[in-house]
Amino acid sequence: MLAKAQEVEQLAANLPKPSPRATDRELAARMVETGETVAVIRAEDDAEANRDATRRAWEVLSAYRSTLTGNALTKAIRDDAEELLTVAADAVAETIEQARPHVEQLARFADRGYPHADVLARGTDVERDAAHAVERLESTFALAVNLWTQTALTALANSAARVSGLRADLGGGGAWTHPERVDRDALDEPSALRLIEAVASAGGFSLPRTFADLNARHEAGERARRRLMSGDVPHVPDVLDVDPSTIVDGASLTFAGVDG
């Protein structure tokens, strides 16, 4: 399917460039130059028909290519969903472990949620290097989480019975080893978690490697969510042992242009 998509893309690239539409003044000039009147109009009508056909051909080929690539992705996920879940979950775990020693270097900034401005302004060379190292790993972490999420959602959509009762948004604490230690916001939006939060979390951000594990995690997360919502838990430990509201978003913008 991917090879066919490449052929379609090449066909689209080979479409002729449409000529610009002639103005009435240009048409009149051609009539004076050639001595033809109706023939000039017919030629422009033919050119307009070719332009319309070219646009339509591009639209058809573009839609077909999207269908092919979409089908290829869906088929790959359907055929190899368990393997893709494992690959993505392992990549997340590996990235967290790579980031852990760097986050530990930033321990004195934990009480305020690791604000990047403070690290850059008051941190040592070692601490600034650690902050940059975490930021460089952030894109890998996000990519792996997105791969895992897309795989889980696509596989569930194509085989709804594989995990009974699983929420379509994969919420409910399924991304946490200890969902009972996670605050309500993190339970709702685990995919939005930043790497530094995942490393420091008491809940243990760890994506399930199989559908069976995902189902078990989801059930545990739902129980934790219900306890939080009902108020049965008198005190929920802080996820980061800090106030999450102090965490600065847009880290890449903060780090831009800073040496070292």
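## Overall fold

Helices (H or I, at least four residues) and strands (E, at least two) are DSSP runs, numbered from the N terminus. The protein chain has nine helices and zero strands. From the N terminus on, its elements therefore read α-α-α-α-α-α-α-α-α.

This is a predicted model: local features need pLDDT of at least 70, side-chain atom pairs count only at pLDDT 80 or more, and totals for chains, interfaces and linings use all residues. Residues are numbered from 1 along each chain as its sequence is written, and side-chain values use heavy atoms, with hydrogens and water left out.

## Surface and contacts

The protein chain has 260 residues, and 37% of them count as buried. Buried means under 20% relative accessible area, exposed means over 50%, and partly exposed lies in between (1.4 Å probe, protein chains only). The chain exposes about 14900 Å². Carbon and sulfur atoms supply 53% of that area. Accessible areas come from the Shrake-Rupley method with a 1.4 Å probe; for residues, only the protein chains shown count as cover.

A contact means heavy atoms within 4.5 Å. Take the contacts between residues at least 6 apart in sequence: 75% of them join residues at least 24 apart.

## The nonpolar cores

A nonpolar core is a set of buried Ala, Val, Leu, Ile, Met, Phe, Trp, Tyr and Cys residues joined through side-chain atoms within 4.5 Å. The largest such core has 41 residues. Within it, Trp148 and Phe205 touch the most other members. Five elements are listed as giving two or more residues to this core: helix 3 (38-105), helix 5 (125-158), helix 6 (184-188), helix 7 (195-200) and helix 8 (211-230). Helix 5 provides the largest share, eleven residues.

What does Trp148 touch, not counting residues up to four places away in sequence? Its partners are Leu85, Ala88, Ala89, Leu170, Leu207, Pro208 and Leu214. Another core, of five residues, lies apart from the largest one. Its members include Val8, Leu15, Leu61 and Leu68.

## The aromatic cluster

Rings of Phe, Tyr and Trp (its six-membered ring) pair if their centres lie within 6.5 Å; planes under 30 degrees apart count as stacked, over 60 as edge-to-face and the rest as tilted. By this rule there are two aromatic pairs. Phe141 and Phe205 form a tilted pair, 5.6 Å centre to centre, with 55° between the planes. This pair links distant parts of the chain. Phe141 is in helix 5, Phe205 is in the loop between helix 7 and helix 8, and 64 residues separate them. Both Phe141 and Phe205 are buried.

Trp176 and Phe205 form an edge-to-face pair, 5.3 Å centre to centre, with 85° between the planes. Trp176 lies in the loop between helix 5 and helix 6, and Phe205 in the loop between helix 7 and helix 8, so the pair ties together parts 29 residues apart in sequence. Trp176 is buried, as is Phe205. Ring pairs link Phe141, Trp176 and Phe205 into a cluster.

## Helix 8

How does the span of helix 8 compare with what its 20 residues should give? At 1.5 Å a residue, helix 8 should span 28 Å, and its end C-alpha atoms are 28 Å apart, which agrees. The expected span is 1.5 Å times one less than the number of residues. Buried residues of helix 8 include Phe211, Leu214, Asn215, His218 and Leu228.

## Salt bridges

A salt bridge is a side-chain nitrogen of Lys or Arg within 4 Å of a carboxyl oxygen of Asp or Glu. The structure holds 15 of them. Glu44 and Arg30 meet in one, at 3.8 Å, N to O. Glu44 is in helix 3 and Arg30 in helix 2 (residues 24-34), 14 residues apart. Glu44 counts as buried because its relative accessibility is 10%. Arg30, at 37%, counts as partly exposed.

Other bridges stay within a helix. Arg128 bridges to Asp125, the closest N and O atoms being 2.4 Å apart. Arg128 and Asp125 are three residues apart in helix 5, so about one helical turn separates them. Arg128 is partly exposed at 21% relative accessibility, while Asp125 is exposed at 53%. In helix 8, Arg217 and Asp213 are four residues apart, about one turn. Their closest N and O atoms are 3.7 Å apart. Arg217 is buried, at 12%, and Asp213 is partly exposed, at 28%. Salt bridges that share partners also join Arg21, Arg30, Glu44, Glu48, Arg51, Asp52 and Arg55 into one network.
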